There are 2 protein chains.
Amino acid sequence: MELPGVATPKARQASLREHNLALVARSVFGSPEPLSRAAVALATGLTRATVGSLVDQLVAGRVVAELAPAPGQVGRPAVPLVPASRTVVGLGLEVNVDYVGVRALDLSGATVAERIEGAPGAAPADFSGSDPVRVLARLGDLARDVVAEVEADGMQVAGTRLALPGLVDARAGFLQVAPNLGWESLAPVPLLGLLPASVEIANEANLAGLAQLPFGQFASSGHDGTTFVHVSGDVGIGAAIVLDGELYLGRHGWAGEIGHVVVDPAGPRCRCGATGCLEQLAGKDAILRGLGLEASVAARPDGAASGDLTPVLEALAGGGEPGERARAVVGRAGKALGTALSTLVNLLDLDTVFLGGVYATLAEDLRPQLEAELRTRVLASPWERIVVRPAPVSGYAALMGGARAVLRDLVQAPSDFLETLERL
Amino acid sequence: MELPGVATPKARQASLREHNLALVARSVFGSPEPLSRAAVALATGLTRATVGSLVDQLVAGRVVAELAPAPGQVGRPAVPLVPASRTVVGLGLEVNVDYVGVRALDLSGATVAERIEGAPGAAPADFSGSDPVRVLARLGDLARDVVAEVEADGMQVAGTRLALPGLVDARAGFLQVAPNLGWESLAPVPLLGLLPASVEIANEANLAGLAQLPFGQFASSGHDGTTFVHVSGDVGIGAAIVLDGELYLGRHGWAGEIGHVVVDPAGPRCRCGATGCLEQLAGKDAILRGLGLEASVAARPDGAASGDLTPVLEALAGGGEPGERARAVVGRAGKALGTALSTLVNLLDLDTVFLGGVYATLAEDLRPQLEAELRTRVLASPWERIVVRPAPVSGYAALMGGARAVLRDLVQAPSDFLETLERL
């Protein structure tokens, strides 16, 4: 086990404590069952005394909670340890083409507060070509609402992650481009206004992919063999590539831009400037357009949000010409998605595909043509079964993934969080 | 540093010796300068006595050689240690569509013997639709020629790697399919006949990619930041994806099948059964066909091998209509290659592309349209420079990579090799 390079005995001791604190936190969060202090000692190889002191710190910081001891045992009953509920939260924020939202998740994985504008059934929203200053100010207001709500309940915000549908430089806090919003070259965080904990930005498809890992798994340090691609279908289409339990980010964090994979160079022009990108053939707007529904809210007489798939689902369920037409349109989208996924599988040799976003809802209608393309185009298809299934988490997965990313950072390095408490 | 799980003190001691032997070998092979025993002790953190004993074992096994001590130093002069020359070799074998070949590489990285049939300028060969029994028997004969030659010079074969242009199950020694050979579902190794050291099989594009890493780097254990894609152009097109110094293999070792990435679904049918695969638009045969040259040797009156790019290069260098036509044909191949590489870069966020095989020779004529596609289609192209350049090793790179893979295994686990010596 490698430790960060250290210089003085004092620094070494501090670093060792940080390291052991993380070990203890990971073993509590990664266990499917509540663990006793003795079980944590066994799992980590640390002495009972060390574990006792570290667990006490995590309990004092409200990261870990103690359940009532199991009765009826011989000797002093063991106190079961679990991730704390409703004490510390991670905040996920998102701007997408047809909604903005905020979700607060506690350390047990429960959603404790949420605000979404432009959700299906709620007020319509269309942020394509929008003004980032206004949209981000509004999102900041929603976030402050959520913060006020959780703080009123005695909870504390550990950090915030903002999901954006585009290329993001996370370190510099800079958005290069979000084609479907029409946003380019801006630093979004200051536009949110003041929030109680640090805000980092990330690509929405990557965060949506993280949300597909089992919740307890964020405590692990990867290398557990979990390998899949998660495709988020919305107006834009993004993918998260998870290899052996770790999100694959690429050189700059820009991996997974499956929406701009070429499916048919003779196809329509994309907002990115190229032609025949997947997004233009299988994105939500492409499906709505195929059904004669205007994709843009502003142009629709009834003012329904483009996020609303209801007319598509109704047509798919119905018979007659409208039903057939809807099935043909969704089938064509499935074929285009299958072409792009064949390319991805030929390049990366993955065998699990999660369909997320609107694709989770449409999975059964996309599947026949999608799987036919995989069978035809994946060179290895006669020798492996590629599993295509709806994503475990499909509703607002980037909000979920963003909040989880905050909590994962906390569990992987709890001493950073405990230090901020000491400074309060 | 993790050690394999061990049970008894004796097993633990053996395992520790194996581990330290590998540490010492890697430090000698990974150093750009010859190292003394004292420098190896410093680099590995082992005692001088331990290093002395381990180096003696590597010298006795002819893995490491001692140079003459540098004169004029105070005290006992240090003996410089280097990878041994002309003592132990790795053997690379390859079947491709227009050649079969064998190369023996010694531990210093030098080619010490080679046989290639169907090389440019040599006797023509066309193995599409060939009989694997005959082709592999012939390759076995070539390999035995090379073995006889190196053994006559007092060298010893450490192992053999057979490169095949298709999907390979390395563990089972089984070839699923090699579309351009027309081979399917066979175990190729027994068909080679007897060879002195174990034979493993691998995908040729993967081995060609390994050959692009600097020779000394095979001593390292990855994580050195070296990230690139190497595209091998031949009749088929394969890619090797190297991430942070390690070849990315995927779930079954089938990653990198860029030849079957969709470039234009309306394009010609591919041998894999799909349409519009890159191979059909930018493979060597596609270029030859575009110039009115028959790709298949059998059908050509002059009997020249399809491997021979001479007519293409002559036309490219010339003026008039033939020159213009050749430039247009190669330009179209460059555009198709650029489309497929844009897809790869959008998915993987890489910024270095090596052009190998015939693409190394054609690089300057492919480049304008290839780079134009990257600029149009890579979403991140305004914010990053994607470097496209001829591969450092382009001639028979899979032979080179296969031989190197054998030597890398030896350096990473020298005790296995030394034990086989003891058993002789």
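**Helix packing and the A–B interface**

Visitor: At what angle do helix 2 (residues 37–44) of chain A and helix 3 (residues 48–60) of chain A pack, and how far apart are their axes?

Guide: This is a predicted model, in which local features need pLDDT of at least 70, side-chain atom pairs count only at pLDDT 80 or more, and totals for chains, interfaces and linings use all residues. Residues are numbered from 1 along each chain as its sequence is written, chains are lettered from A in the order in which they are written, and side-chain values use heavy atoms, without hydrogens and water. Helices are DSSP runs (H or I, at least four residues) and strands likewise (E, at least two), numbered from the N terminus; axes are lines fitted to C-alpha atoms over the stretch in contact, with angles from 0 to 180 degrees between N-to-C directions. For helix 2 and helix 3 of chain A, the axes lie 9 Å apart and the angle is about 115°.

Visitor: Which residues of helix 3 of chain A make the contact with helix 2 of chain A?

Guide: Contact means heavy atoms within 4.5 Å. Helix 2 of chain A contributes Arg37(A), Ala38(A), Val40(A), Ala41(A) and Thr44(A). From helix 3 of chain A come Arg48(A), Val51(A), Gly52(A), Val55(A) and Asp56(A).

Visitor: How much area is buried between chain B and chain A?

Guide: The contact takes 47 residues from chain B and 46 residues from chain A. Leu347(B), Leu379(B) and Trp383(B) supply 19% of the area that chain B buries there, more than any other three residues. Buried area is the accessible area (1.4 Å probe) lost by two parts on being put together, summed over both. Carbon and sulfur atoms give 62% of the total, which is about 4,000 Å².

Visitor: Which residue of chain A forms a salt bridge with Asp351(B)?

Guide: Between chain B and chain A the count is 2 salt bridges. In the one formed by Asp351(B), the closest N and O atoms are 3.2 Å apart, and the partner is Arg251(A).

Note on methods: A salt bridge is a side-chain nitrogen of Lys or Arg within 4 Å of a carboxyl oxygen of Asp or Glu.
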